[in-house]
Amino acid sequence: MSKRVSLRDFQESLASRLKAAAGEAAPSARLSFEAGDRRWLLRLDSSGEVLTVPAVSRVPLTMDWFLGVANVRGVLFGVSDFAAFLGGAATVPGTENRLLLIGQPHGVNVALLVTRLAGLRNLGELEALEEADDVSPWATNAWRDSEGRIWQELDCARLLSHRDFLDVALH
């Protein structure tokens with residue numbers, strides 16, 4: 001029989017591991033996640049909070065990738081489907097989907113819907129790429145793992161200030 005862990009215990013454990021990794025002298029750990037068929041790394045000090053997906057209220061006359069707003073403990077967050085924003089297919093709803101509250105460290109209430117979390121990655125175990133194909137304007141670095149998969153490092157400040165991301169109105 002598997003050990004049952006409450007969601008609160010899991011979140012507290014994850015938060016303490018993230019805080020410990022963030023406190024390293026030269027942080028080399030990154031939160032990794034997938035959005036559609038693309039893989040991303042996120043600095044722990046930019047990761048904000050990770051949540052299961054709450055109810056999202058659609059906002060009319062907005063882009064398809066802008067899913068609407070979600071109430072997180074009484075605060076409204078704009079929710080974007082990151083895979084769809086990147087030009088891929090919309091995220092298929094599933095139990096592994098998560099919301100990344102990436103705007104909190106930057107003073108804005110923005111959440112990204114991602115396909116799934118992929119754990120913490122140590123940059124020391126990845127190969128830095130000088131140049132990579134298809135690097136997004138909001139990515140700072142690209143890395144290759146031991147299986148040959150490419151991971152881009154998301155720069156939340158760049159994404160949150162990019163005109164394409166900010167313009168959610170349907171044209």
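Me: Why is Arg116 called partly exposed?
Reply: Arg116 has a relative accessible area of 28%. Buried means under 20%, exposed over 50%, and partly exposed lies in between, with a 1.4 Å probe and protein chains only. So Arg116 is partly exposed. This is a predicted model: local features need pLDDT of at least 70, side-chain atom pairs count only at pLDDT 80 or more, and totals for chains, interfaces and linings use all residues. Residues are numbered from 1 along each chain as its sequence is written, and side-chain values use heavy atoms, leaving out hydrogens and water.

Me: What makes Glu34 count as buried?
Reply: The relative accessibility of Glu34 is 13%. That value is under 20%, so Glu34 is buried.

Me: How do you know that Glu34 and Arg116 meet in a salt bridge?
Reply: A salt bridge needs a side-chain nitrogen of Lys or Arg within 4 Å of a carboxyl oxygen of Asp or Glu. For Glu34 and Arg116, the N to O value is 3.2 Å. Therefore the pair qualifies. Glu34 lies in strand 1 and Arg116 in strand 9, so the pair ties together parts 82 residues apart in sequence. Strands (E, at least two residues) and helices (H or I, at least four) are DSSP runs numbered from the N terminus.

Me: Why is the pair Glu49 and Arg73 called a salt bridge?
Reply: The closest N and O atoms of Glu49 and Arg73 are 2.7 Å apart. Glu49 is partly exposed at 23%. Arg73 is exposed at 62%.

Me: What makes Glu147 exposed?
Reply: Glu147 has a relative accessible area of 59%. That is over 50%, so Glu147 is exposed. Glu147 also forms a salt bridge with Arg149, with N and O 3.7 Å apart. Asp145, Glu147 and Arg149 are linked in a network of salt bridges.

Me: Why do strand 9 and strand 10 count as edges of the sheet?
Reply: Six strands form an open sheet in the order 9-1-2-12-11-10. Strand 9 (116–122) and strand 10 (127–128) each have a single partner strand, so one side of each is left without a neighbour in the sheet.

Me: How do you know that strand 10 and strand 11 pair?
Reply: Pairing requires that DSSP finds at least two bridges between two strands. Strand 10 and strand 11 (residues 139–144) have two bridges, in the antiparallel sense. So they pair. The bridge partner of Glu127 in strand 11 is Arg144.
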